[in-house]
Structure formats: C-alpha cells, structure tokens
Amino acid sequence: MAFFSGGRRGGGGGGGVLLPSTSKPKPLRKPSLAAARRRSHLRDLLSPTSTFFALGLSISVLFFLAVVIGYGVPNSLSSSPSKQRLFRRPTFRRSADAGGAGGVKGGEIAAAAVDITTKDLYDRIEFSDVDGGAWKQGWKVTYVGNEWDKEKLKVFVVPHSHNDPGWKLTVEEYYNRQSRHILDTIVESLSKDTRRKFIWEEMSYLERWWRDASELKRERFTKLVKNGQLEIVGGGWVMNDEANSHYFAIIEQMTEGNTWLNDTIGVVPKNSWAIDPFGYSATMAYLLRRMGFRNMVIQRTHYELKKELALQRNLEYIWRQSWDMEERTDIFVHMMPFYSYDIPHTCGPEPAICCQFDFARTRGFSYEFCPWRLDPIETNPSNVQERAITLLDQYRKKSTLYRTNTLLVPLGDDFRYVSMDEAEAQFRNYQMLFNYINSSPNLNAEVKFGTLEDYFCTLREEAERINFSHPGEIGSGELEGFPSLSGDFFTYADRNQDYWSGYYVSRPFFKAVDRVLEQTLRASEMLAALVLGYCQKSQCAKLPVSFSHKLTAARRNLALFQHHDGVTGTAKDHVVKDYGTRMHTSLQDLQIFMSRAVEVLLGDFRDKSDPTLLSQFEPEQTRSKYDVHPTHKVLDVHENHAHSVVFFNPLEQTRDEVVMVVVTKPDIFVQDSNGSCVKSQISPEWQHDSKGKISTGRHRLYWRASVPAMGLETYFISRGHKECEKAIHAELKMFPESDSSSCPPPYVCSKLEGEKAEIHGLHHTLTFDLKHGLLQKISHRDGKQTVVGEEIGIYRSSGSGAYLFKPNGEAQPITEKGGSLIISEGPLVQESYSIPKTMWEKTPISHSTRIYSGENTVQELLIEKEYHVELLGSDFSDRELIARFKTNIDNERVFYSDLNGFQMIRRQTYDKIPLQGNYYPIPSLAFLQDSLGRRFSVHSKQPLGAASLKNGWLEIMLDRRLVYDDGRGLGQGVMDNRPVNVLFHILTEHNVSALPSAHALLNLQPSLLSHRVGAHFNYPMHAFVSRKPLENSLKTYYKSFTPLAAPLPCDLHIVNFKVPQPLKFPQVQPSDSRFVILLRRRGWDASYCRRGGLQCSNIGDEPVNLFYMFKDLVVSNVKATSLNLLHDDTEMPGYIEQLGDVAQEGNVLISPMGIQAYKFELQSQLEV
C-alpha cells in the first residue's frame, strides 16, 4: 500500500529517510514444446528456400515411404475421418507408469530448462545495499537519446486505485467511507471522455457497490467495461496473499470473483494485477495460467532482485513452473522496478520528480505533500513544455530497464480517485501533458491512458515484429524475446535489512481458523453435491438449495480472509475481529448444514418430508465464540443407552485411523455399524492450567474407525452392555509425583525415575529428557536412530511488528529443569504430556507428543506434536516463540518448504543476508534431507514460518507478541494474542536409493506416504453425534454411505467436488453440466517407497475414468474447463491434450503436478 499519506507500508517521515529513488488482441498461440520452439537463429536455416531444408525434406519423404512399405499404414492414417485428429503423446506418460511424477529419477523431478532461477539470483547477488542516489536502490539511469529513433516510445499510463478489503478499517467501513465513492467517481469521470481509462481489481467491493448502485450506474459501468475504458484485472474476490494462503482457498476466491463478474457483467479477466502481496509464489502463476490468464503484473519483490533483473533488462519474463518440461505453465510477467506502486515510484527512477506529477497532492486534497519539498503544480500553456519534457525524461529512463519500447506507468495509490475533483485533477493535467508530447514528432513518443490489456496487446505486437531475445536465451514459445524464469519471490525485503518474514506467523490463531473454515467448506460442498446427485427428484434436494445463500456467504468469507491483510495477520485489532466473526458465523452455518446432510444421506430419501428441519445430529466439535478454540461435545452415556457417532471422510481414499471423542465416564465400549465390538482405549484428558490442575476429570475415548472414501460410517458408544469388552484404561507414569499431577481416578499411576522416559509404538520408540520434558530421539524398528533434539526458545526483538521480523540475536532456550511430565500408555495411543518449567510463573507453553497403533494405517508411521501456546501478558512483550528440532541430518542448512500446499521449493540459508531473511513461509510442510536419503518432515496444521539456521536444524515459529508498529502503515503492534494450539505431524523416512547430493536439487517432492499424511492432517474427518441417546438400540436408516465405486489412486486428489450454483440447480437443464470436480495429480518422490497403508495405487497403475467414479450414479456431459470454470476451451488454461473424447469416453488425463477441472452431470440410476 501507499508509501505516503499514512499509507502502506513504506515508512514515512521527512525526505531524508524516504527512498528516493490499443489494438485487438491476437489469437492465443499455443506454446510449443521446448524442442520444437521457433528460434530466430533457426529461421533462415529452416526456410523453405534453403538448400538444407530441401535436402532434409527429401530424406524425410524417403524415410517415411520406407516405413510405410516395411510396416504398413499407421492406424491413425487409415482410420475413418472422424478419427483423424492427432494428439501429441504427453512426455509425462513415459515415466508415469513407473510411478511418480514426470521426469522422476531417483526422487528428483527433472527441472525445467529456464534462463533464470531465483536460486541463481540469490547465489549471485551480494546483498550489499549500495546507495544508488536518486533511485536509492538502483543506479543513476541514463540514455543516449537515439533509442527510440526506429521504434517510438509507447507509454500507457494506467489509472488505478488500490482498495484493501480490510486493513486499518473493516471492509464495510472502507466501503462506506471510500470505495463506494471511488466506484461512483470512476463511472462519472470515464463517461466524460472516452480517452480516459481505469483498472479495478477487487470484486468484494464491486459486488457490494453493485447491490447499491442504480440501474443507470450499472448500465454505464457495464458500457465502460465493454468498450475497453474500464478493465477488470485479476477479478478475484480479493487480491490474495501468496505466502500463507492454501491453493484451495486461492482457487475459491478467484472463482468466486470471476464467476460473479461473468454472471453479472459478462466479462472474464485476462490479466492479473497483484501489486501489494508481500512476495510472490510460483503457485499463483500456475493457478492463473490454469484459469486462462496470459499476463501478470507484480510489485513487492526483494529490492536487490529488482536491481539485478533491471541491470539485465529481465524485469519482464516468462514465469515457468520448475517442474514443467513442456512449457504448459508459461505466463508472461511484468515486474515493477521501483520501491512502491505509488505515483512517486512509478513514473521513473527519481521519486522527487515523479511526485510532482501526482496532482492529488496539491492543496485542497487530503493527501500528504511531497516529502522532497517539490510539490506538483497545475499544468498550463505556459509550463506544459517544460513539464512534459520533464515527465517524458522519467518515462524514457524507466523504459531503458525493459527490452521493448512499450512502457507501463501505473497512476494511483491506496484508495485514490475518491472524488470527481481528485479524478479531474489527474485526468485534466495528464491529458494536457499527453497532448503536448503526442503533438511533437521530434520526441518519438506516444503517451495515453490505457489498461493492462492495452499495454500487453501492444507489447506482444511489438515482440512479434522485433526479436528481443538475448544470445543463447531459452525463452518461451508463449512469447518470444523474453527470458524464462522459475522459482518464487520470498522472503520480501523493501529496504535495508527489513525482511517481511514476521507476517508468516502473525495472529496464528486466525491462520488456524482459516484452515478449519477451508476444510469445512470443502466438506460441505461435497455433501451438497452428493445430496443433489443421489436425490435430485426427492424432497431432500431442498436442503442444499435452501442453504445456497449461506454456502455463498461461506465461500465469500473464506475468500475475504485470503486478502493480503487478512490471513497475513496484518490488520488492526477490530478488523481482525471482523474477519474472525465472519469466519465463525460461516463455520456455524456449515456445521448445521453438514449435520442435516449427513442425516439425509443416511436416511430414507423418499420418506423425508422436510429435511430442512433440525437434524438429529450435531457436530462433535463446536466453538462458542469467534476467538476461542473448539470444544468437544462431552458425551454423558447412561446405563443401557448408546450414542451414535457418524464420521464423514472428505478424502478420496478409504480412511483407517484412530479417532477420539470425550466422555464423562470411563466404563464404556464401542460397536461398529454392524453391532460388532470394537477395541477401544480410555485416557484422561489433560489441560494447560496455571493453577496446577492438569486433569479435567473427563476422559478421551479412542478406537480405530474405518470410513469409506467420501463416505459416512456410524459407530455406537454404550454403557451396560455385557457382550463387549470395556475400553482399556491407559497406564500413567508421572514426573514428579506430586499433588499437582495427582493420579486421576480410576487410572493406575506409577512414578517416572531416572534421566529419560520412553513411549513405544510399532515403528518407533521415542525417548524424552525427563527433566525438561523434550523429545530427544526416535529409535526406528530397523535399529536406526534419528536425533530430534527438541528445543523451545524465544527471540527478543525491538524492531519486529506485524510485517517485519527483526530479532536481537539468536533465540534462547526457555525450558529449565523441573517441569511436569506424564506418560500415558495404551493399546491404541501412547502420549507424553509436558508442562515445562520456565523463568515465568505461568509458562507460555505445554505440549504433547503422541504415537498411534494401527496396523496398515498412515497414523502408525507418524509422530504427533501438539503445542499449546499462551503468549499472554506483558511478560512476553516483544517475544517470538519457536520450536526447534536439532536433528542429526546433514542438510547443509538446506530445507524444502511448500508453496501454498501445492508444491515444494528449495530453501537455503545464506550468511550474506540476516537471520530474518532466511525465514520462509511453510503453509503446510517443511523437510530436511541429507545425501544419504534420510528425510525429516514436519507437516503443519496451519501456515507458519520456518528456517534451517544451522546444519541439521529446523525451527518453526509458533507465535509472536509485539508492542510496537514496524513502520509499514498499520500503526500498531500485535498484542491481541489468543491461546493457540499448534499441531505438527512428524515423519521420518529413509530413501531406498540414496541421492548423490540432496543439496543441488531444486525439485524434491514429498513421498506418497507424506502426501497421505498431509491429506489426513489438512482434511480431517468430520464427526457428528446424536443429540439424544438411543435406548439400547442401534436402529437408524442406514449406518454407512459409500458414494465412490472404488477408492481413487493415492496420487489423485479431489481438490473439490461441488455444485457451483445450487440455488439454480432445479431450474438448470441437466444438459448444462451442473456438477464440477477439480482433480490434482500429485507429484511424488518414488524413492521413498512406503505408500502408507495397503491398496494404495497410483494413476500409472490405475487410470481414472469419470464415468465409473461414482456408485449408482450416471455421469454424462463431461467437459474439461479452466480452474475458474469459465473457459471450456482447454487451450486457454494450457491443459495437456486429452487422448480421445472426454465427453464420450470419460478418461481423465492429467500430467503430474497438474490440476484440472471438469464439468459434468450426475443422475441417480434409481431416477434415470
């Protein structure tokens, strides 16, 4: 956001501390393969007039005739005309059958060929922060003057207004005070002069304005969009964060905005505009490409990277996924070169001059004057020449940083163009300057207002005519003349050693709520689709239709929080409360819907008169407020009564795992849906209590449940039944033996003695330091050991804030000898619960370590760590709490972290950048690996920040409490901490084919087992309990529900399965394909052979056909579509070519790492 005007995030103060400083689009060309890419140095050689070409053609013809004579006519040439379309055989299929992702070799996915990787940039740059003068982070830019003799300079000045859907005010407060007036101004101002242009990004505000706008305003707005004066760029519900957001939520927020826009105005965005997220993810580039976008604009990247790219004229490039060998993910990117997106930092390299052309900074408006003491003056006939030449000089200097003579100049800032007077000041002055420049042929320049579409179309047209490629450049078939780049842009630094790694962790409580809402929304979408699929003509179809408005609200509340001041934790306290309240409301609504949907799917559809009535089920976990942890429904089971518990499994594979409910009495037992007895365990429930009362007096009941893929299964908890063995009591061992941890009845307790304590599972033995309660090592069944060296530490900081992490030195351990440790051992779950002693009277942390017993389950292979953190009160001001694992893995300070839960990327610790710059986001996973193939993975339930600061170390920040503002516009610290539970699943793996060097690889992927651990973790089962106990009877309609014909292969993930518009479902014809499924083919490391359970196949073994996916449902009208569901032409999103007709044959063809969407129709076989 704005550098000035109390705005973002660039700091403020006096000038001394400030950083100085259309044609119709061509048809979309399909990117060719790298091997077939046209290159300028080959054009002459392969010209039809060349002798070489003629000779090669003759040889080819003779060879072809020999093949035909020897082997006969190929089938594709001799088949009927309807079969004549040829399909390129995708290269990934050659390796897919061997298991793993395309190009897998010994665990490595072959890296795509590119000109630039961000790793190479980091290796090369010295990070010396040299003062560049007027352009403080660059150099003195000059030009000769003849650069535009052959091709004139074409400048597109793009007016914009950046509207945050929540930051210092809530989204509704911003709308009422500013955004509604800005949209009114845009319509009125642009309607006065067709030469005026504008771009708008956030659909959350546009949808809100549309509801209030008169019919005339709506018509004028639509006309401006249709005639090209007003372009909707990005068109997501928000401009999402790219560090913390999960790819599911990004797809949802983009789809919600794009769909509303298309339904309302009839346009689909082509160009992305992301000027304010604090760093950029390669996943976002991938998703945009799969939504049909062709061009991107980005701004907030490390200032040293900007300088290095500008020096080589590489600020515009083709972003390619690091694993893409076929150039199917390529998208064109324009990176803005300077410090900020405000007007002083967008017209050219000298902000003191550019600020003079921000005409809203003149007297009469509410914005700050220019800090350089050179204020803008009104343009008039007497000064227009001098003013125009001065401005053009900046444009020319800026253009030398890019390859073409087409230049993009944004003209806007945060919440600008709020009044007609302000808009007129900008448009009037600039038009006079443009008129002078355009009427002076000797200047070789044409300047006008434009949109991103104007800019990119003109640039692409110029690049088609002129070869801008550098010698030896690989480039791309998407658009020649520009380098190809892979990697990402974290961690962002805007100046000096100010790295924006703090927001990876700020407000961790709400980061966790975000993930809960995401998984609950996904489960609700699935249940709604299943209800509509199985009973379209029945009364039960009323349920999803009647719930449609709340489902839309939930999508939008999740989408809103993806804003780059929402999930980032960088908003004012009352704005955080607003986000949290919205998410809490939607969680409650979704849980009510799910309870009813479960009842419908387990009931007799035809006898249901009104399924919208209160369900007999209620969720097993609920929240009483927006800012508290969920609590378990406590089951008070009476003698000769039973409670039913129904589990919904939202994954595409059968789920076998140990589950848990809380009960009041320990003498109970469990039965499955057939009435068979199920082995169970009862353990005490612990709590983090400063008064020393560790036991709550309640009990945790564990048993192993098996739930079908995307299905339902019922279990019964009873008392008084003689046939089943009661739950086995856990045995407790305690240290020290004192009143504070007195033995809770009816358990048997003993005293822990010695220096160490252990818990044992089928695959692991975990050893703890008894005096500190910390995990020391893991002993594996094969005799190997992994040193863990768990440590809890705190950073002290004086400059950290919501955005920045600026520690004063290294983190120091906080645990002292003498805490409490309780070991709980049973047949299903073994747990170590520790309340460590610290220097504070009330310790800020307690933690549990659990291992589960369950043969052939994913759970038995992992270690669960749960930290309960309470960074509350002034004792912890300016403290940042971490958990650190000091392993014996020789990773050479290299680790791998995920990008948005979608892909992994290599991270390396550099001595030339400060500690905080070596912190990176981990939205869900980080792992260490050594050259022997030992891997230590930590899956996280929520987005956090992590680093590997020393060899073998992996540290993860848990929470931060900060008193002061960090000078980026928020105007406050982060002091609204809530108690938070941070949950990890730790996985240790040993590579069966050790890699020669783990540290040279850019592309390491999780194993199939690790993918399954992550899926179980991020998409847990949803439990529902009966509101009333059953009287010693297990009667219900049905006790299970199995919608899939068979579990899907383990490398195929259903990202979502839904009916996008349930409200319209009854009116829409089935031929319109009312259902949507998004499928992801995981890339996985074949070297790690354990698949995590039996019957785990992959697509190479078992291709998937949509026609046969569902049980008792007829699938029809299948067609591929883009991820935002708006492009049915699969060339737009760059999908691989399908073998055969998907609509006729139903075959799903997805390359590894790919996500594809399909529309189709479902009808119950009973109703066809």
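Two strands pair if DSSP finds at least two bridges between them. In this predicted model, strand β32 (residues 774–780) meets that condition with β33, to which three bridges join it in an antiparallel run. Within this pair, Ser 779 stands opposite Gln 785 of β33.

Both strands belong to an open sheet of four strands in the order β30-β31-β32-β33, paired antiparallel. The edges are held by β30 (756–760) and β33 (785–787); each has a single partner strand, so one side of each is left without a neighbour in the sheet. From one strand to the next, the twist averages 25°.

A second feature is a helix pair. Two packed helices are described by the angle between their axes and the distance between the axes. For α9 and α18, the angle is about 120° and the axes lie 9 Å apart. The crossing of α9 past α18 is left-handed. The table lists the residues that meet.

| Helix | Residue range | Residues in the contact |
|---|---|---|
| α9 | residues 247–264 | Phe 248, Ala 249, Glu 252, Gln 253, Glu 256, Trp 260 |
| α18 | residues 548–561 | Thr 552, Arg 555, Arg 556, Leu 558, Ala 559 |

By class, this contact of α9 with α18 comprises five nonpolar, two polar and four charged residues.

For the chain as a whole, there are 21 helices and 54 strands. Of its 1168 residues, 65% count as buried. The accessible surface of the chain is about 40,800 Å², and carbon and sulfur atoms account for 51% of that surface.

Definitions and conventions
Residues numbered from 1 in each chain as written. Predicted model: local features only at pLDDT ≥ 70, side-chain atom pairs only at ≥ 80, totals over all residues. Heavy atoms only, no water. Axes fitted to C-alpha atoms, helices over the stretch in contact; angles between N-to-C directions. Helix = DSSP H or I, 4+ residues; strand = E, 2+ residues; numbered from the N terminus. Left-handed = near helix turned anticlockwise from the far one by under 90°. Contact = heavy atoms within 4.5 Å. Nonpolar A, V, L, I, M, F, W, Y, C, P; charged D, E, K, R; others polar. Buried < 20%, exposed > 50% of the residue type's maximum accessible area, 1.4 Å probe, protein only. Areas by Shrake-Rupley, 256 points an atom, 1.4 Å probe, with all protein chains shown as cover.
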